[in-house]
Amino acid sequence: MAMNSILCCFAALLSVWALCQAQSDTQLPPGTPAIQLRLAGDKRKHYEGRVEVYYSGEWGTVCDDDFSIQAASVVCRELGYVEAVSWSPSSKYGRGEGRIWLDNVHCTGQESTLAQCQSNGFGVSDCKHSEDVGVVCSQRRIPGFKFISTLTNNIESLNVQVEDVRFRAIYSQRKRIPISEGYLEVKDGGKWRQICDAEWTDMNSRVVCGMFGFPGEKGYNTKVYKLLAKRRKKNYWGFGVNCTGNEASLHECKLGHQVELKGNLTCEKNLPVVVSCVPGRAFAPSHALGFSKAYRVEQPLVRLRGGANIGEGRVEVLKNGEWGTVCDDSWNLKAATVVCRELGFGSAKEALSGGRLGQGMGPVHMNEVQCSGFEKSLTECRFNRNSLGCSHEEDAAVRCHVPDMGFKKRLRLSGGRNPSEGRVEVLVEKNGSLVWGTVCSESWGTIEAGVVCRQLGLGFASNAFQETWYWHGDGSADDVVMSGVRCSGTELTLNQCLHHGKHLQCPKGGGRFAAGVSCSETAPDLVLNAQVVEHTTYLEDRPMYVLQCAHEENCLSSSAATATQASYRRLLRFSSQIHNNGQSDFRPRAAHHSWIWHECHRHYHSMEVFTHYDLLSLNGTKVAEGHKASFCLEDTQCEEGIEKRYECANFGQQGITVGCWDTYRHDIDCQWIDVTDVMPGDYIFQVVINPNYEVAESDYTNNVLKCRCRYDGHRIWTYNCHIGERNRSSSTPQRNALSN
């Protein structure tokens, strides 16, 4: 069955290639109108946009009446893409200008050009520009696609359409990772070609660097390339390139002047284009490898959260010492690219809207953002300070171009049922040669698994495995080659994590005890509501004789063991409201049958430790013993339109649904810290969710809540509650990204 499936998929790919090839080779019937297409408008990806047609010396649009996915496929193939993914009516990409050239378009999907499809005829339409149609094409280009201009007198209004773009590094640069400098070559008609630098500009280089994952361009040693150009055979492309500097990739740029191809005499007074880029801080090689300059980010005013892979996430900005989100109204590739370059990545691949990478908490700091694309920071862009009404359902996010670091070549998953799971195998140098081996599973956990999934571009870790006997990996890779792995979670590769190096220590050995992972494109994200905690904190003196259950659950300090039944315990009580702002439900890792029944509270606990409650001194020392709380997880309440899925009653399924929250009221057992033995003073009240990283989340940095509190021996004041690791004391000045 598996072989049949593979053969079917292969046959399908061959049929698509054959169709594309046949269409590229087919001569159009006599009388077919000569047209040219482009994708324009407010685009969030470079392979989508409003369909525009060049006909009779004028650009115009296409009406959405009777448009179909077959028509979209014709458009995409005519533009050099393999297929269409979807189409959109009602001017999703903004209203066009000028003529509406086509209306009531009917295509079979087999046409070579949109001009062959049936329609009312060119210029015959009763539509308005509010009905302009748009398409989303596949990112894959047609192999061997040859850009042919049917309107040679208007090529400068057309986009660059080539199969692929690459750097061809000179010998001294080839071993550097990432490759950030070299001859720029485009693949057209199945052949790699150079570009004549007669009209090449810094804006063109800026775009090229951006699409390869670099935030900026820089100069290079021209003498070396002039010398090499004399020795090498050249094969020039027939066009120049004209970029504004804002394009997400070279495919978005317009064509420059046509280059007269004269064999060896082509571009004889000039040279092939060379581009040199500045790598971002996270990707910059060391100075020992020859780089004298690297992009440096100062104290961050903008950050990404909740992204599965490197260079993607929800956009958050800093204002008055507090992180907040950006509303997606008017959010586009220009603004997204400013964010990406600011953080040391390249241009934006996508500008995401609608909370696609999870919803944030706290304020929405920016709305209706308008960037020129050349700002150094998103905080320099214009935005509507008075615009209200944005919710976190509209949080903006980005996916950035990142450099090809070759991370996937040194790590693999083996033996799994699908490409997203398996035994972890790493490529290391041993006795002068490269060999594959396994990772010792001692201390292996969700954080380490998360680094593996991110390195392979597989998203988040859904599970970390310390036994993998059921996954039969490569037998030649059974030996342990890495042990003692401990990651912080911010590493780009597993090799960047702490580990034992050459002196391996793995008493259990590899084989069945080798480390394994399973990865997922989505993950939950738990966040405490800081305002609820701050507004519900109070003290209660409670007699020991009513705290027996709590005592059995270890919810009181150790001095309670010697306390009499008539004595009182002073409890710092509060409510907690835990939201799941991620993209998948939060589910306990333990199987249903292994949950623990708690007789006192008459319900099952699905996680041994779900939260830590602590009272700390201002220097971080514990002053109250606190406790490790375990609860039954359920949906207490959900946002409008979302149904509850989990409840504790009757041994029900436990978890927290996306868009729901679990509330633990201040008046339930163990929802407190025992402060009976605490002296008056100033303290930090801290709550940590999922402290042992038992369940994978998209963002662990928002699992910590801290409050300042003052206790005078009788009353307590709680203030300045906030999410995150920073202790924002009033005496510490904060740098602001935005001013009021």
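Student: Are Arg569 and Asp674 buried or exposed?

Tutor: This is a predicted model, so local features need pLDDT of at least 70, side-chain atom pairs count only at pLDDT 80 or more, and totals for chains, interfaces and linings use all residues. Residues are numbered from 1 along each chain as its sequence is written, and side-chain values use heavy atoms, with hydrogens and water left out. Buried means under 20% relative accessible area, exposed over 50%, and partly exposed in between (1.4 Å probe, protein chains only). Arg569 and Asp674 are both buried.

Student: Which residue forms a salt bridge with Arg569?

Tutor: A salt bridge is a side-chain nitrogen of Lys or Arg within 4 Å of a carboxyl oxygen of Asp or Glu. Arg569 pairs with Asp674, and their closest N and O atoms are 3.0 Å apart.

Student: How many salt bridges are there by this rule?

Tutor: The count is 24. One of them joins Glu52 and Arg38 at 2.8 Å, N to O. Both Glu52 and Arg38 are buried.

Student: Why does Arg314 count as buried?

Tutor: Arg314 counts as buried because its relative accessibility is 2%. Its salt-bridge partner is Glu316, with the closest N and O atoms 3.1 Å apart.

Student: How many cavities of 30 Å³ or more does a search of the whole structure find?

Tutor: Rolling a probe the size of a water molecule over the atoms shows where empty space is left. On a 1 Å grid over the protein atoms alone, a cavity is a set of points where a 1.4 Å probe fits but cannot get out. The search finds three cavities of that size.

Key: 1 Å grid on protein atoms, 1.4 Å probe; cavity = no way out; pocket = protein on both sides within 12 Å on 5 of 7 lines; lining within 4 Å. Points joined across faces, edges and corners; volume = space filled by probe spheres on them.
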